[in-house]
Amino acid sequence: MTELRDIRFAETDLEALAGAAGAVAVLVPAEGTMGPGARRLNRLTKGAVKRALDSEAFEKLGAGEAMALAWPVGMAADVALVVKLPRRPSVTEARKAGAALAKAAGSKELTVVVDGTKRVAQMGLGIALRGYAFTARKSKAEDPLGAATLMVKSVEEAEGAFAAVKAVAEGVAFTRDLTSEPANVLGTVEFANRLEALRDLGLEVEVLDEDKLEDLGMGALLGVGMGSAMPSKVVVMRWKGAEGAPLALIGKGVVFDTGGISLKPAAGMEDMTMDMGGAGVVSGVMKTLALRKAKAHVVGMVGLVENMPSDRAQRPGDIVTSMKGDTIEVINTDAEGRLVLADVLWHAQESEKPAAIVDLATLTGACIIALGHENAAVFSNDDAFAGDFLKAAEAEGEGAWRMPMGKAYDDMLKSQKADMKNIGGRPAGSITAAQFLRRFVKEGTPWIHLDIAGVAQVSADTALAPKGATGWGVMSLDRLVRDKFETE
């Protein structure tokens, strides 16, 4: 796994700033009032901090943004950073400040004088997440990340607050690593192996191989993987931190998607290494829950397949039988993720009897057309459950937008030859995909489908991530568990 920046806490020692290496930072509110740390830094830099605070550039900074003073006179540091931040910042502002510090510091050591500002743990989360870089497949080692030391009044209090936050950061990093890996490294076998390693954290992990999937009747899932030499698998991860019916998290794990016989265009196909993003998020959430010993009962299930064209591959026009027993006419083999999820959804309900279900998938390009890369699409059969998730996503700053469902969309899936088609045509493509999945959710079971096609991997930096895999969803789902499924 990618090693995140080491976040440390130390008692405030302003005399140590002169000799601190790398980057040294202070926090200043919008009105420019200097606390002890800023005053000390100003003296060391012969008034440079005061000049910066009086400048138009500082005035234009937003909350959580940083100004850099390169090669400050009178200090060993390479750069002094002034961050505009209220004494009582919001969660978003504190994380943004941490991310700005991580970006400005690069791989250098970082020392931050907190001066009593609240939400120190959230600032640490921003530092950890924005400093992430996937370098596992590079032949030359990158410079190791220097530690980040946050000077605080109470080390014990800060360390306690950061412990649970660190678990979230490690879960996000695990998701990013999985999503970033190429398919020749992270095939279905290796993916399952990495999840089996989570047993060391206390998770119960069960791997269902193809023979077992055939016994269960997972004809929809197995049909997707027929064209690949990689064996299809389902991995079940159980975290039983409480009694009662579990929350089930279901993830699409297509380790590479060529589209099958309905072959995708060559341009951009290399991005389909991220088509297992839903399974990656589920894996990251389960790791987070185990690391922080969540007092909740949660089961994660991921369907791992590869969608390839070959003489054995599923064809357009084939009719497969799902585990539920419903038959599906495969109109387009590139609409494969819903076939995988259909069987895993049904198995989760049959074997685990969950209290509620959330499934995640990089499912449709139509979702990107509708919402771009700012929001995941949220579909649900339960208004209260959907509201709980949207509240959690808003609290964590992860964009999510609820989309409509209804009979007219469902009717677009009618087939003359089978119980349903796997696509409903070009109009409302993300909605008809959700309607397809809803057919595999039992009546009375609260369910959310998250189409994360636009947010799992992006081509530009975000507030908390460099371009590439984002880990979107780990923080929101962890928050949902905390708020609604965790016992006291």
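The largest pocket holds about 930 Å³ of space. A pocket here is an open set of points on a 1 Å grid over the protein atoms alone, with protein on both sides within 12 Å along at least five of seven lines, and lining residues have an atom within 4 Å of a point. Grid points are joined across faces, edges and corners, and a volume is the space filled by probe spheres set on the points. This is a predicted model, in which local features need pLDDT of at least 70 and side-chain atom pairs count only at pLDDT 80 or more, while totals for chains, interfaces and linings use all residues. Residues are numbered from 1 along each chain as its sequence is written, and side-chain values use heavy atoms, with hydrogens and water left out.

By class, the lining of the largest pocket has 9 nonpolar, 12 polar and 9 charged residues. In this scheme Ala, Val, Leu, Ile, Met, Phe, Trp, Tyr, Cys and Pro count as nonpolar, Asp, Glu, Lys and Arg as charged, and the others, Gly among them, as polar.

The second largest pocket has about 740 Å³ of space. Its lining has 29 residues, and those closest to the centre are Gly131, Tyr132, Ala133, Phe134 and Thr135. At least two lining residues each come from helix H4 (91-105), helix H6 (155-180), strand E18 (457-458) and strand E19 (468-469). The class count for this lining is 11 nonpolar, 10 polar and 8 charged.

A cavity is a set of grid points where a 1.4 Å probe fits but cannot get out, and the model has 2 cavities of 30 Å³ or more. The largest cavity has a volume of about 50 Å³. Its lining includes Gly223, Val224, Asn307, Met308 and Glu336, and by class the lining has 3 nonpolar, 6 polar and 1 charged residues.

The second largest cavity has a volume of about 30 Å³. Among the residues lining this cavity are Thr175, Thr179, Gly277, Val281 and Trp472, and H6 and helix H10 (277-291) each supply at least two. What is the class make-up of the lining of the second largest cavity? It divides into 4 nonpolar, 5 polar and no charged residues.

H11 and H15 pack at an angle of about 25 degrees, with their axes 9 Å apart. That makes H11 roughly parallel to H15. Axes are lines fitted to C-alpha atoms, for helices over the stretch in contact, and angles run from 0 to 180 degrees between N-to-C directions. Angles under 35 degrees count as roughly parallel, over 145 as roughly antiparallel, 65 to 115 as roughly perpendicular and the rest as oblique. The contact (heavy atoms within 4.5 Å) brings Arg338, Leu339, Leu341, Ala342 and Leu345 of H11 together with Ala433, Phe436 and Leu437 of H15. By class, these residues are 7 nonpolar, no polar and 1 charged.

H10 packs with helix H16 (residues 474-485) at an angle of about 50 degrees, and their axes are 9 Å apart. That makes H10 oblique to H16. On the H10 side the contact uses Val281, Gly284, Val285, Thr288 and Leu289, and on the H16 side Val474, Leu477, Asp478 and Val481.

How values were computed
Helices (H or I, at least four residues) and strands (E, at least two) are DSSP runs, numbered from the N terminus.
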